[in-house]
Amino acid sequence: MHLPVSLVWLIPALPLLAAGIAALAPRSCRTLAAGAAIAAMIAAFVISCLALHTALADPGAKLVANFEWFDVGAGAMRLGWLLDPLTAFMCVMVTFVASLIFIFSTGYMKADANFKQFFCFLSLFAAAMLGILVANSLLLLFICWELVGLASYLLIGFWFHKPSAAAAAKKAFITTRIGDLGLLLGLLWLADSTGSLLFYDGGNGVLEVAALGSLASQVTVGGLAVSTAIGLLIFCGAVGKSGQFPLHVWLPDAMEGPTPVSALIHAATMVAAGVFLIARVYPLMSADLALPLVPLHALTVVAFIGAITALLGATIAVAQNDIKRVLAFSTVSQLGYMMLALGVGSWVAAIFHLLTHAFFKALLFLGAGSVIHAAHHEQDIRRLGGLRGRMRITFATFAIGMMALSGVPFLFSGFWSKEAILHAAHGWQVSHLPFGAALVAVVLTAFYMTRLVAETFFGTARTEETEHAHENSAVMTVPLILLAVGAVALGFLGTPAFPWLQARLLGEPEVHGHPLFESAGLMMLSIVLVAVGLGAGWAIYGRRPRVALDAVDPLAKAAPGVIAALGNRLGFDELYAATLGRLVTAGATVADFFDRYVWGGAVTMLARLGEFAGVVNRENDESAINGGFNVVSESFRDSGRAYSRAQSGEPQSYLRFIATGFVVLMLLVILGGGR
Amino acid sequence: MSSLPILSLLVFAPWLGALVLASLGNKLGAKSSRVVGLLSSGSTLGLALVILANFAPAGAGYQFIERHSWISALRVDYHLGLDGLSLLLVLLTGLVSPLCLLASWKIQRAPHHFAALFLLLQGAALGVFLALDFFHWFLFWELSLVPAFFLIKIWGGEGATRAAYQFVIYTLAGGACLLLAFAAIAVATGTFNFTELATLAASGQLAAKLALLGGLWPKVIFIGVFLGLAVKAPLFPFHTWLPATYAEAPSGVSMFLTGIMSKMGVYGFLRILWPLFPAELHAAAPCLLGLALGGVVFGAFAALNQTDLKRMVAYSSINHVSYCLLALFAVAGASNAPAATAALIGALLQMFNHGLSAAALFACVGMLEARSGGRRGIHDFGGVRTLAPLFAGFCGVAMFSSLGLPGLNGFVGEFMIFSGVFGLAPWAAGVACLGLFATALFLLTFWQRVFHGPTGAAVAAFRDLDRVEILTLLPLVVLMVLLGVLPQLLVGLINPLVTTWVSQLP
Amino acid sequence: MSPLQLCLLLSSLLFCVGLVAAMARSNAILVLLGVELMLNAANINFIAFWRYGPNPEAGTGVLFVLFSIAVAAAEAAVGLALVIAVYRHQKTIRLASINRLKG
Amino acid sequence: MTLALILLSVLILGSAIVALSLRNLIHSALLLVACWAGIAAFYLWAGAEFVAFAQGLVYVGAISMVVLFAVLLTRQGTASEPLGFASWQRFILALVAGGGVAGILVGAVLGTPLTVTTPGPVPVLTVKQIGAQLMGPHVVALLVVGILLTVSLLGAVVLAAEENVKSPEDEV
C-alpha cells in the first residue's frame, strides 16, 4: 500500500488537528486531550510508515505536490509537499519518538493543572516539526520552523509562574530568532535570485541543477559565490535552532520546561530541525564545492562550527551537576558532530547520527524524567545516588542510552553512527583540526556520561527523597524499554558492512558494503578512546562513590578554576549579557532618548523660531513638546497684541502709516528700477 | 447594483446614526444608545460585505462610481469610487469600528455622546477612503480630527487634554501644508480630481504644468503634500505626537486611531503622493527609505524602553506602519517588477493586518487597564495568565500576530514586504531585520512581565474575560488565524490592482 | 524749468503742507483744513495738466475741478458738522483724546 | 509770466504754512482765506476763469464761513494747553513722513521728462461751453453731485443739530 504524495500533508495535519481539539476542549477534558494527541501521533506514525514504504520503492525520486498559496502579480506564491527517503525516515523517527514521549507524559504530567494545555502544545510542537519535514518550499519550511519556535516557547515556559522558566522561554525564542533572521535573509536572497522557493519543481526548483548552477556562478561581496552567501545565511538559522556555537546558550536553559518537553526538544523536534535543514538544502550548500577559486566554501564554516560545538559542549558537560543540564550539553556536543558530518560532506552520516541520537537522547531524557519524577523533582546529581537498586528498569534503559551515547562498540547504535562521522571527518581534505576535536570529544563524552551514571545510580542515596524513590508505572517504563530497543537496533541499519540506510538516503537502489577491516584502524582508535573515557570516569567517580552531599568533586579538587569556569558554562551567558544585552539596552535607551528629546526637541525648536526666547527650562519630554505648542500659541497671541496696539484709534497715526507706506513703496519702485 | 448610491450610503450611514444619537441620546438611555451606536457602526460592515459580493476583483479601475457636479465654479465634483485598496480599507473599518465600540462598552460617561462622536469619526474615515476629489477628500480628512479631539480630550486619561491638543495642532499643521499644496496644484491644473490628476501625472503633463508656476514651486508642492501625509501616517520623525495621543486616548479610540486613522496616511501616500509625483518620489526615495527604516528600527527600540504598555504598543504601531512606507518608498526608488509587486502586495496586506493586530493589542491593554483601575505600567502586573488564561490566550495570539509569527496574518504581509524590499534595496531589508528582532524582544518582554511569573498581589482580583470582551477579541483573533492561513482571501482583492500599478511603473 | 513743472511742484508742496498739518496738529478743525489743502493741491494739478496737456479744448480738467470743488464743499460741511457733534459729546476737539475706536 | 506764478506760489504756500502752524484758530482761518484766494488767482493765471470764480465762491465765501462758525462753536475755555512730549513726537514723526512724501513727489516731478515744455496759447473755454458740457456728456455726474450736496446738507444739519429730544432710556 502506497501513500500518494498529495496526502503527505496528513502527517503534520493530524497532530495539528489534535492540538486544535485540545485547545478548544474545556479544561477538564484531560483524557480527551491526551487521547487525541496520542491517537493522532500514532496515526501519523502509521502514515509515515506508509510514506517510507512509498519512498523506498524508488529511493532516488523526489515526489512533490505543489500548490498555489496566493496570487502575486501574474504568478503565485507556491508551496508544496515533498516525499523522499530523507523526509520519510525523519517522519517515522519523529512520530515514533514523539508517540512514546506523549505516552510517557501522561504519567509524568498527571498531577499538573494545565494537563490539557500541555498536550495541545506538544501536538503543535510535533505538528510543526513534521511540517518542516514534509515541506517542499523553503517558505513553508520557514513557517513551520517559526511555529516550532512558538511551540518551544510555550513549552519551555510551561511552568510560567516560575520566573526562571519564563526567562528561559524568552531566551530560547529570542536566541533562535537571531538565527532565524539570518535564515529569513537567506530565504529572501534565494527568492530574489531564483524567483522561486520550491525545493523541487520539475527542473525549476532551487535545489535543482539549473538554479544551483546560476547561484554558484554569480559572485557577491567579498568574492563569495551567491550560493555560499545564501548557504551561510541559511546556516545561521540552523545554528540558532540546533544550538550551535555561538548561539548554543538557549539550549541548556531550555530544560526549565517539563522533562518530556526537553526530551522532545533534544531528541526529535527542535534541534533536529537545524540538522535536517542543512541536509535538505545540502545541494545548495555544496554547490560552491566545484568552484576552486572562491575564498570560502559554505560547508567549511559548517564543519568548523560543528567541531567547535562538539568539543565545547562535551567540555562544559563535564562540570555540570544538574542531570538535565549534563544531557543538554551532551546534545549540544552531539549536534556539533552532526554539523561536522554535514560540513565534511557526509550528510547521510549526519542524518544517521540524528536518527540514532534521537532514540538514545529521548531515552536518556525520559530516563532522567523518570528519576526526577521518582525523586520528587530533584535534579542535582550530587543529591541523588544509589538509585540502581530502587529503579531497575530505569537504570537498565538509562545505561543502554548512556552506552549508546558514549559509543560503546558494536552493540550500540551510537557507535556506528559516530563511527561514520569520524570516518568522514578523517577523509576531509581541507583540515584535520575538526577530526582532532571530534576525537577529544569522544573521550569527554564517555567520561561525563560515566560520571552521570555513577553519581546518579551508584553509591548511596544522599537525601530523603532519593531514599524513598521507587520505580514508576508502566506508562513511563514501557516507552523507555521501546526506546532502548531502538537505541540498540537502529545502529544495524547503517553499519559499514551493510550501509542500507545511507544508500537509501542517497537514493541508490543497491547497497554497497565494505568489509569492516577496511576502516579497522580508525575504528580501533575510537574504541580505545571510548575505553579511556569510560575508564577514567569509572576510576574517578565509580570506584569511590560520593558519600556526603557536599563532598567536593574530585576534578574540582584537582583544578578548581577550570571546573568552576566550566560549571559556569565558560561565561557565555555573562558575555552575551555584557555585550549583546547591553547593546540592545543601549540601543533602546538611545532610541527612546532620541524620540523624547531630539525629535521632540526639533519640534520645539521649530516652534520657537517665531520667538526670541532664551532659556530652556524644565526639560522633560512632555513639557518640551507641549511647551513648543504653547510657545506657538503665545507667539500668535503676542503678535495679535502688537497688531491691536497698532489699532490706536488715532486717525493721525493711520495717516502716518499710509504716508510712510507710500514712501516705502515708491522707494521700492524707484530703487527696483521699475519706475 | 445599478442605481443605488451604495458608497454614499456607506459613508453617511454612520453619520445618520450619529445624528440620531445626538438628537435622541438623552432619551434613549445608556444601554440602547450603545446598541444604536453599535448597529450604525456595524452598517459599514454589512454594506462592505454587499459591495464585496458585487465587486469585480479582476477590474483594476474604480467601481460603484458616483459623480455629481457640486461646485461648478471650482470644478469640484462629488465623486466617490472604490477599487481594491479602498475596499480593503473599508472592510477593515467595518470590522474594527464596531469592535472599538464594543471595547468601549463599559464607558459610563455620556455613552450616547461617545457613540455619536465615534460614528462621526468613522464616517469621516470612510469618506477619506472613498472620495476621489480632493475637495471633499480633504473635508473628510480634516473632519476626522474634530470628533477625535473630543473623544481623546473628554474620555481620555490624565494627560488627555494636552495630548489631544498636541494631536490636533500637529495634524492640523500637516493638513495645512496639504491644503496649500493642493491649492497650488488646482491653480496649475484647474482640477481637484484624483483620477484626472493621476492621468495628467502619468502622461507627464502635471509636472509640466507645475513647472509653469516657476522656480521651486513643484518641489514645494511635493513637500507640502508629503508633510501632510507624513504627519498623519506617521512617518519617522514626524511621529512625536503619536505615543502620547495613543497612550492617553481611551482604548476604543486608540484602537481606531491605530487601526484606521494611521491607514489614512498610508492610503494618502498610495492614492495621492505616489501617482501624482512619481518623479519627485523617485528622487527622494533613498532619503525617505532612510526615514522609513528609522521608523522601523527606532520605533522598535524605543518601544523596548517603554514602561507604559500603551506607549509600548503605540511605538510598535510606528514600527509596523513604517514597514508599509518602507515598501512604498522602495518601490518608488527602484525598478524591478516582480519585487515591486511583492512589496506592494505586502504593504497592502500589512495595512489590513496591522489594523487587526494593533487594534487587538490596544483592546487587550485597555482590558488590563480596566481591571487594574487605570494602571498600565509594565511592572504593575505579573502572573495574569494563571488567573485569566483565556485573556492570555487571546492577547498572545494578537501579540504573536504583531510579531510576525507565520501562521498568523502579520507574517504574510511582512514577508512580502521584506521579499519585495530585498529585491529593490537589499541593504534596507537587512537593516529592517533589526526592527523584527527588537519587536520580538519587546513583545516577549511585555508578555513575560504581564502574564508570566508569580501572581502578584496587585492582580489577585483579576477575572477572566466577560462576554462583551470575548465578543470584542474573538472576531479579531479568528481573522488573524484565518488570514494567516488563507491570505488569498485578501490578495485576491488587491492583486489585479497591484499588477496594474506595477505595469504602469516606468 | 517749465511752468508745468513749477505748477506740479507747487501742488506737491501744498499737498505735503496739508499732509503734515493733518498728521501733526491735534485740533480736529485744523486737521480738516489740512485735508482741504490736499484737495486743493489735487485741483491745481488738474488745472495744470488741462492747461499744458495735449487737448485743452475738451475742458475735462476744468470740469473735474468743478466736481471736485463741489465734493470738497460737501466734505467740509459734513466734516465740520462732525467736529461740532463730537465736541458736544466729548467737550474737546483734540484728536488724541478721541480714540474710542482703539483696538 | 513765470514770475507771476512764482509769486503766487510763494503766497499760497506761505499763507498755508503759517495758517497751519498758528495756535490761534481764528488767525489761521483768516490766513487760509488768503491761501484759497491765492489759489483762485492761480486759476485765473492759468486761464480757467470759471473755476477761479467757483473757488472764490465756495472756498473763500462759504467754507471759510463754516470754518469760522465751527471754530467759534468749539471754542474751549482755555484756548490751548502746553505742548507735551507727545505732540512734539507726533510733530517730528509727521515732518519726517511728510518730508518723505515731499521728497518722493518732488523727485518724481523733477525726474520725469515732460513732453510739453512750451506753453501754447491760452485755450478758450466759455461759460456756455462749460454749461453745454455739464448738461451734455456729464449730466449724470452733475445729478449725482446735486444729490451728494443735498445729502451732505441734510447730514450736516442732523449732525450739528442740538439733540433736544431725549431717548426713552435716558428718562428712566
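Buried residues make up 62% of the 506 residues in chain B. A residue counts as buried if 20 or more other C-beta atoms, placed from the backbone, lie within 10 Å of its own; 12 or fewer makes it exposed, and anything in between partly exposed. This is a predicted model: local features need pLDDT of at least 70, side-chain atom pairs count only at pLDDT 80 or more, and totals for chains, interfaces and linings use all residues. Residues are numbered from 1 along each chain as its sequence is written, and chains are lettered from A in the order in which they are written.

**Chain B**

Chain B has 21 helices and two strands. Both are DSSP runs numbered from the N terminus: helices are H or I with at least four residues, strands E with at least two. The radius of gyration of chain B is 22 Å, close to the 23 Å from the globule rule for 506 residues, so chain B is as compact as a globular protein of that length. The radius is taken over C-alpha atoms, and the rule is 2.2 Å times the number of residues to the power 0.38. Along its principal axes, the C-alpha trace spans about 70 × 55 × 40 Å. Among contacts in chain B between residues at least 6 apart in sequence, 81% join residues at least 24 apart. A contact means C-beta atoms, placed from the backbone, within 7 Å.

**Cores**

The largest nonpolar core holds 457 residues, and L326(B), A343(B) and V421(B) touch the most other members. Helix 15 (residues 337–371) of chain B gives this core its largest share, 22 residues. A core is a set of buried Ala, Val, Leu, Ile, Met, Phe, Trp, Tyr and Cys residues joined through C-beta atoms within 7 Å. Leaving aside neighbours within four places in sequence, the contacts of V421(B) include L326(B), A330(B) and A343(B). A second, separate core of 81 residues includes V663(A), A76(C), L32(D) and V51(D).

**Between chains**

Of the four pairs of chains that touch, C and D have the most contacts. Two of the contacts compare as follows.

| Pair | Residues from chain D | Residues from the partner |
|---|---|---|
| C and D | 64 residues | 56 residues from chain C |
| A and D | eight residues | seven residues from chain A |

On the side of chain D that touches chain C, helix 4 gives the most, with 13 residues. That side divides into 49 nonpolar, 14 polar and one charged. Chain B makes no contact with chain C; their closest C-alpha atoms lie 28 Å apart. Chains B and D do not touch either, with closest C-alpha atoms 34 Å apart.

Key
Contact = placed C-beta atoms within 7 Å. Nonpolar A, V, L, I, M, F, W, Y, C, P; charged D, E, K, R; others polar.
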